[in-house]
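The tour goes stop by stop.

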Amino acid sequence: MNFTGILIGLSTFLIIGLFHPLVIKGEYYFGTRCWLAFFLLGLLFAVLSLYTENICLSIIFGVVSFSSFWAILEVFEQRKRVEKGWFPKNPRRTEDYK
């Protein structure tokens, strides 16, 4: 039996599940400025994916990379969701909510 597909599928599921709260918390504490952290994380994991010889690990690194890039868009969408009242605003930070 080959468990590679199941391993990659489960890893992808968990990675995407991890990024959902990261986007919410990142926007709450840092505003849209946290996009840069997601960008740098995406670049790091893209490079790791390119230079990793293990195919499963390379694929998982690629999934983390593109999940990070997708999170950049989601940070700006999260700001809109906060403005609509769907998520709480951080009372200590008002610069993004003008």
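Leaving aside neighbours within four places in sequence, which residues is glutamine 78 in contact with? Keep in view that this is a predicted model.

**Stop 1: glutamine 78.** Select glutamine 78, in helix 3. Now show Val23, Ile24, Glu27 and Phe87: these are its contacts once neighbours within four places in sequence are set aside. Glutamine 78 has a relative accessibility of 2%, so it counts as buried, the cut-off being under 20%.

**Stop 2: lysine 80 and glutamate 77.** Stay on helix 3, which spans residues 55-83. Select lysine 80 and glutamate 77, both in this helix. They sit three residues apart, about one turn of the helix. Their side chains meet in a salt bridge, 3.6 Å from N to O. Check the surface next. Lysine 80 is partly exposed, at 40% relative accessible area. Glutamate 77 is also partly exposed, at 28%.

**Stop 3: glutamate 74 and arginine 81.** Select this pair for another salt bridge. The closest N and O atoms are 3.0 Å apart. The count of salt bridges comes to two. Side chains of opposite charge can pair when their charged atoms come close.

**Stop 4: the nonpolar patch.** Which helix gives the most to the nonpolar patch? Helix 2, residues 35-51, with five residues. End on phenylalanine 39, found in helix 2. Phenylalanine 39 counts as partly exposed, at 31% relative accessibility.

Methods: Residues are numbered from 1 along each chain as its sequence is written. This is a predicted model: local features need pLDDT of at least 70, side-chain atom pairs count only at pLDDT 80 or more; totals for chains, interfaces and linings use all residues. Side-chain values use heavy atoms; hydrogens and water are left out. A salt bridge is a side-chain nitrogen of Lys or Arg within 4 Å of a carboxyl oxygen of Asp or Glu. Helices (H or I, at least four residues) and strands (E, at least two) are DSSP runs, numbered from the N terminus. Buried means under 20% relative accessible area, exposed over 50%, partly exposed in between (1.4 Å probe, protein chains only). Contact means heavy atoms within 4.5 Å.
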